[in-house]
Protein chains: 2
Amino acid sequence: MSSFDQLITHVHELDDLGKASAVLYWDREVNMPHAGMAERIAQMTTLSSLIHRMSTSDEMGEMIERAAAELDGTDYDSREAALIRVLRRHYADARKLPADYVTRSSQVSGRAHEAWVKARAENDFTHFQPWLEQVVALCQELAGYYGYEDEAYDPLLDKYETDMKTAEVRAIFDALKADLVPLREAIDRSPVQIDDSILHQPYDVAKQKEYARYAATALGYDFNRGHLGTVVHPFATSFSRNDARITTRWYPDFINPSLFGTLHECGHAMYEQGTGAELARTPLARGTSSGIHESQSRMMENLVGRSRGFWQAHFPALQALFPEALGDSTADDFYRAINKTQPSFIRVEADELTYNFHIILRFELEQAMLNGDLAVADLPAAWNDKMQAMLGVTPPNDSQGCLQDVHWTRPGFGYFPTYALGNLYAAQFMETAVAQNPAIADELAQGQTTALLAWLRQNIHRHGRKFTPGELVQRVTGQPLSHAAFMRYATAKFGELYDL
Amino acid sequence: MSSFDQLITHVHELDDLGKASAVLYWDREVNMPHAGMAERIAQMTTLSSLIHRMSTSDEMGEMIERAAAELDGTDYDSREAALIRVLRRHYADARKLPADYVTRSSQVSGRAHEAWVKARAENDFTHFQPWLEQVVALCQELAGYYGYEDEAYDPLLDKYETDMKTAEVRAIFDALKADLVPLREAIDRSPVQIDDSILHQPYDVAKQKEYARYAATALGYDFNRGHLGTVVHPFATSFSRNDARITTRWYPDFINPSLFGTLHECGHAMYEQGTGAELARTPLARGTSSGIHESQSRMMENLVGRSRGFWQAHFPALQALFPEALGDSTADDFYRAINKTQPSFIRVEADELTYNFHIILRFELEQAMLNGDLAVADLPAAWNDKMQAMLGVTPPNDSQGCLQDVHWTRPGFGYFPTYALGNLYAAQFMETAVAQNPAIADELAQGQTTALLAWLRQNIHRHGRKFTPGELVQRVTGQPLSHAAFMRYATAKFGELYDL
């Protein structure tokens with residue numbers, strides 16, 4: 001048995017255990033009675049401890065290095081070389097974290113979550129403040145363990161967006177902000193008023209489910225290798241390329257969450273369905289980064305799912321299911337309603353365009369807190385200042401301001417920016433795709449995605465995690481990530497909608 | 001840390017992994033797209049290999065013995081002493097099986113299953129015969145590994161019914177047969193003809209689901225600590241006492257499978273819901289044997305679920321859901337229809353009374369094949385002879401005879417008898433319960449199970465696996481298992497139904 005074969009056997013086992021843990025999570029969210037929580041947490045903790053022990057053992061490090069030596073000179077693009085790169089990275093990272101840090105981090109997060117729930121419910125930031133201070137301290141400690149050359153935020157960002165530097169994101173976001181604020185202000189001044197009240201009407205949930213399946217299938221999500229579950233907080237997950245699942249929530253009087261939530265999760269799951277079969281049961285068989293993953297979900301949700309072509313093709317089916325709600329509306333009415341843009345307080349309810357401001361704000365505040373430039377006590381004021389500067393509005397209270405997200409109950413700084421990076425990657429990928437194959441645009445104008453999906457599979461999905469996000473975007477689009485394609489897309493789309 | 005604490009920490013981890021594997025199985029049956037099968041099998045195989053490695057390691061044996069020495073003299077009834085007993089037994093058994101046997105057994109079973117599917121579809125026993133010969137050889141080999149004093153069948157039976165001997169089951173089944181054949185013949189001669197056609201009508205599946213939940217709740221199944229899933233082959237499983245699940249299948253034109261299937265699985269799941277909280281995350285937190293488990297499912301399905309009291313109380317709700325099918329029927333019509341008894345060929349469709357013959361037949365044939373008294377080639381003829389002797393009918397072909405069950409595709413001889421043992425245990429437990437607390441009978445006559453469930457919890461459920469089935473039945477009923485209570489129950493019930 002070669003050293004690589006020994007390694008891959010071990011990697012397969014580790015990957016199987018990780019997938020088992022993912023099934024336990026899925027089941028917990030979709031099926032489990034709440035009473036089963038304590039035992040389920042015990043089961044998941046046992047699995048993750050075991051995975052941690054196995055993947056950080058000296059033996060694992062030796063196996064990786066023996067296989068690496070054996071494979072020396074193997075093509076950079078090969079599965080084998082990519083696997084060694086990813087395993088080395090994960091191994092080194094995992095070995096850097098002291099066990100007591102992991103325990104403390106988990107304990108603080110649990111109590112911070114409780115404090116956050118109370119603070120948000122009572123609209124009182126002071127409940128959360130001491131816990132957020134601890135979370136910031138945990139982030140600083142984490143950056144110290146991982147180490148960095150330039151900025152403390154770098155190693156945190158690197159966990160979600162491998163090899164991307166804070167300075168790079170900052171430059172992109174600054175440029176985006178510089179272009180996006182004037183566009184938003186132009187829209188504010190536009191006399192065009194979009195009425196989106198048709199979205200807020202009674203929509204029978206059973207029919208919403210039927211349409212969600214229809215729309216997911218129209219996008220290219222493969223139900224033969226997938227499953228749709230109902231949850232409170234939607235997510236996508238996969239246990240293999242042949243079992244990549246989506247989840248959705250259903251509101252009886254608002255169609256957007258189920259509709260665009262489903263399309264969003266489909267984008268994630270289609271990425272996993274498209275990973276190369278030869279990558280199965282290894283850490284390569286998943287999306288390469290949070291940002292690239294988000295590019296796939298945003299592309300399906302927004303660039304495809306909020307396009308005129310999609311709704312010209314698929315509005316009739318929606319209208320047929322909901323004749324009372326939509327009988328008097330046209331595809332164009334619906335297209336306009338779902339693309340209404342306006343400043344708002346809550347990130348998860350923000351539209352495609354203003355969403356980016358919510359992210360830039362968090363990215364800037366995370367750095368300021370991490371670097372000690374902003375005391376946690378001053379967060380609410382800083383939040384409101386940035387809201388006013390970028391969106392022209394000020395939240396009426398902290399529950400609709402700096403207390404709205406669950407994310408800061410955990411030391412996960414560096415994750416937020418990937419949401420907006422996803423929007424930018426998506427636009428840059430789409431521009432390249434259409435340039436390389438004009439049939440993609442023709443099809444999309446008819447509400448069809450076959451050519452687009454083939455392009456995504458060929459250029460992005462099949463590679464799984466073989467390349468870093470920076471390598472991938474360069475490889476696929478011939479240049480590094482920038483905000484330019486997104487601005488071209490947004491300017492054209494919203495310019496037309498708002499008569500700019 | 002005491003030796004017992006060290007052991008229990010390890011036991012908890014092992015139990016968590018076992019439960020994770022059970023979740024993977026549940027998910028596979030209930031949610032998984034078929035395409036995900038290969039990867040799911042890999043995940044489950046990795047988990048079971050890991051569990052096997054951990055639970056058969058020298059270290060595990062040493063941990064058990066160190067804890068046993070520390071606990072020397074602990075009360076036999078204590079959780080600690082019971083855990084040592086069960087762990088020693090499992091450890092010794094698991095160490096007896098060579099790894100290559102496990103692999104071969106799994107391979108033969110896979111191919112035997114394929115051959116069986118073909119044989120049954122083409123109604124040609126010769127396709128299956130060479131594979132059944134291998135399965136019998138595997139059973140013989142297994143008996144050799146486990147070892148035995150009296151009969152080769154003993155160690156196989158012991159896997160499902162700890163410490164019960166073949167001779168004991170044979171004596172019970174012989175007595176049962178001696179009493180049951182005359183009862184069946186008397187029913188055959190009875191002029192009473194029961195019409196069960198009301199069961200075979202269109203029953204809307206959504207309403208069947210509603211009623212299944214209603215009936216499960218009426219039995220005492222706790223949905224706050226449970227979940228009902230849809231599958232092809234129903235089963236119950238638990239991931240803790242706080243998450244014990246049932247599954248059901250739904251036929252649009254036959255109410256029995258969903259109705260009595262649900263009640264049956266509820267009995268299993270209620271047993272697991274009732275295990276003592278102090279047994280959590282150990283192998284004690286489950287039913288003690290296949291036979292005792294089946295006693296709980298049969299009690300709920302038959303002794304409660306096919307009782308006159310249950311239907312006098314709960315027929316109106318069924319009738320209200322299905323006015324077209326049942327509007328002209330009475331609770332008594334329904335009670336009679338669901339208790340119609342008649343000889344038939346297929347075990348899983350057999351009624352409460354004749355079901356036992358199907359089991360006795362298999363028990364006898366398994367022993368004959370295992371001991372070399374019956375050549376596999378002669379199985380079809382031997383099967384038909386026994387059917388004629390016990391049930392007075394002869395199957396028209398082998399697909400409705402010796403090819404009907406999937407069980408013999410695996411070396412699992414010894415499991416079949418536990419189905420009938422369950423019926424006998426159930427009757428003996430019920431007789432004791434009612435004798436000890438007459439309110440149980442009064443309640444059951446009103447379709448209520450609160451007192452019965454409290455009795456079951458106190459006397460059976462809470463103990464989990466602390467006692468062997470023999471210990472339990474002696475402890476609870478004051479005597480060993482016999483067929484007497486079942487015969488009293490059956491004679492009274494069917495005597496009344498058939499005017500004997």
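Let's start inside chain A: 17 residues of domain 1 of chain A are in contact with 17 residues of domain 2 of chain A. Contact here means C-beta atoms, placed from the backbone, within 7 Å. This is a predicted model: local features need pLDDT of at least 70, side-chain atom pairs count only at pLDDT 80 or more, and totals for chains, interfaces and linings use all residues. Residues are numbered from 1 along each chain as its sequence is written, with chains lettered from A and ligands numbered from 1 in the order written.

The domains themselves are 1-96 and 113-500 in chain A, with bounds from an automatic or database assignment. Their C-alpha centres lie 28 Å apart. On the domain 1 side, α1(A) provides the largest share, ten residues. Helices are DSSP runs of H or I, at least four residues, and strands are E runs of at least two, numbered from the N terminus.

Next, the chain interface. 28 residues of chain A are in contact with 28 residues of chain B. Again α1(A): it gives the most to the chain A side, eight residues.

Now the cores. A nonpolar core joins buried Ala, Val, Leu, Ile, Met, Phe, Trp, Tyr and Cys residues through C-beta atoms within 7 Å. Buried means 20 or more other C-beta atoms within 10 Å of the residue's own. Which residues touch the most other members of the largest core? A:Cys139 and A:Cys266, out of 105 residues. Helix α17 (residues 416-436) of chain A gives the largest share, eleven residues. Apart from that core lies another, of 104 residues, including B:Leu365 and B:Tyr498.

Technical notes
Contact = placed C-beta atoms within 7 Å. Buried ≥ 20, exposed ≤ 12 C-beta atoms within 10 Å, placed from the backbone.
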